[in-house]
Amino acid sequence: MPASSMPAGVSLVADNQPLTPIVNTLCGLLMGTEIGDDGIIAIAWCVGIVLVGYFWSKRPFSRNSTAPVAAVATK
């Protein structure tokens, strides 16, 4: 299915999805063939996904509490 026939959000993901460069890089490395620009693109996607996950998971734990820790533990 061509990405141009998809809704805007879905076509954006279909045009810029990370799995193809990652799979092409792994296949190229395992088979000994040329990987071209796919290696750099795969690394960029992986770093981006790790950074988004890191900051997203850190967000709930960075909220400051106004009550002391001992007061919270006794309630």
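This is a predicted model: local features need pLDDT of at least 70, side-chain atom pairs count only at pLDDT 80 or more; totals for chains, interfaces and linings use all residues.

Which residues make the nonpolar surface patch, and how many Å² does the patch cover? The patch is made by Ile43, Val47, Leu51, Tyr54 and Phe55, and its area is about 520 Å². A word on terms: patches are made of residues with over 30% relative accessible area and no salt bridge, like charges being joined within 9 Å and nonpolar side chains (Val, Leu, Ile, Met, Phe, Trp, Tyr) within 5 Å. A salt bridge is a side-chain nitrogen of Lys or Arg within 4 Å of a carboxyl oxygen of Asp or Glu. Accessible areas come from the Shrake-Rupley method with a 1.4 Å probe, and for residues only the protein chains shown count as cover.

Residues are numbered from 1 along each chain as its sequence is written, and side-chain values use heavy atoms, with hydrogens and water left out.

Let me turn to the chain as a whole. The protein chain has 4 helices and 0 strands, where helices (H or I, at least four residues) and strands (E, at least two) are DSSP runs, numbered from the N terminus. From the N terminus on, the order of elements is α-α-α-α. Of the 75 residues, 9% count as buried; buried means under 20% relative accessible area, exposed over 50%, and partly exposed in between (1.4 Å probe, protein chains only). The accessible surface of the chain comes to about 6400 Å², and carbon and sulfur atoms account for 70% of that surface.

Valine 47 is found in helix α3, which spans residues 38–58, and is partly exposed because its relative accessible area is 44%. Isoleucine 43 also has its place in helix α3, but counts as exposed because its relative accessibility is 56%. Isoleucine 43 and isoleucine 22 are 21 residues apart in sequence, and their C-alpha atoms are 8.0 Å apart in space.

Next, helix α2. Is threonine 25, in that helix, buried or exposed? Threonine 25 lies in helix α2 (residues 19–31) and counts as buried, because its relative accessibility is 10%. A polar atom of the threonine 25 side chain lies 3.0 Å from the backbone oxygen of aspartate 38. For a polar contact, the rule is a pair of N or O atoms within 3.5 Å; within protein, one must be able to donate a hydrogen and the other to accept it, and residues adjacent in sequence count only if both atoms are side-chain atoms. Leaving aside neighbours within four places in sequence, threonine 25 is in contact (heavy atoms within 4.5 Å) with Ile35, Asp38, Gly39 and Ala42.

Helix α1 gives a second example. Serine 11 lies in helix α1 (residues 8–15) and is buried, because its relative accessible area is 15%. Its side chain has a polar atom 3.0 Å from the backbone oxygen of alanine 8. Not counting residues up to four places away in sequence, serine 11 touches Ala3 and Met6. Alanine 14 is partly exposed, because its relative accessibility is 35%. Its C-alpha atom is 6.2 Å from that of alanine 3, which is 11 residues away in sequence. Aspartate 15, in helix α1, counts as exposed because its relative accessibility is 56%.

Finally, the cysteines. How many disulfides are there? The count comes to 0 disulfides, the rule being a pair of cysteine sulfur atoms within 2.5 Å. Cysteine 27 is partly exposed, because its relative accessibility is 37%, and cysteine 46 is partly exposed, because its relative accessible area is 38%.
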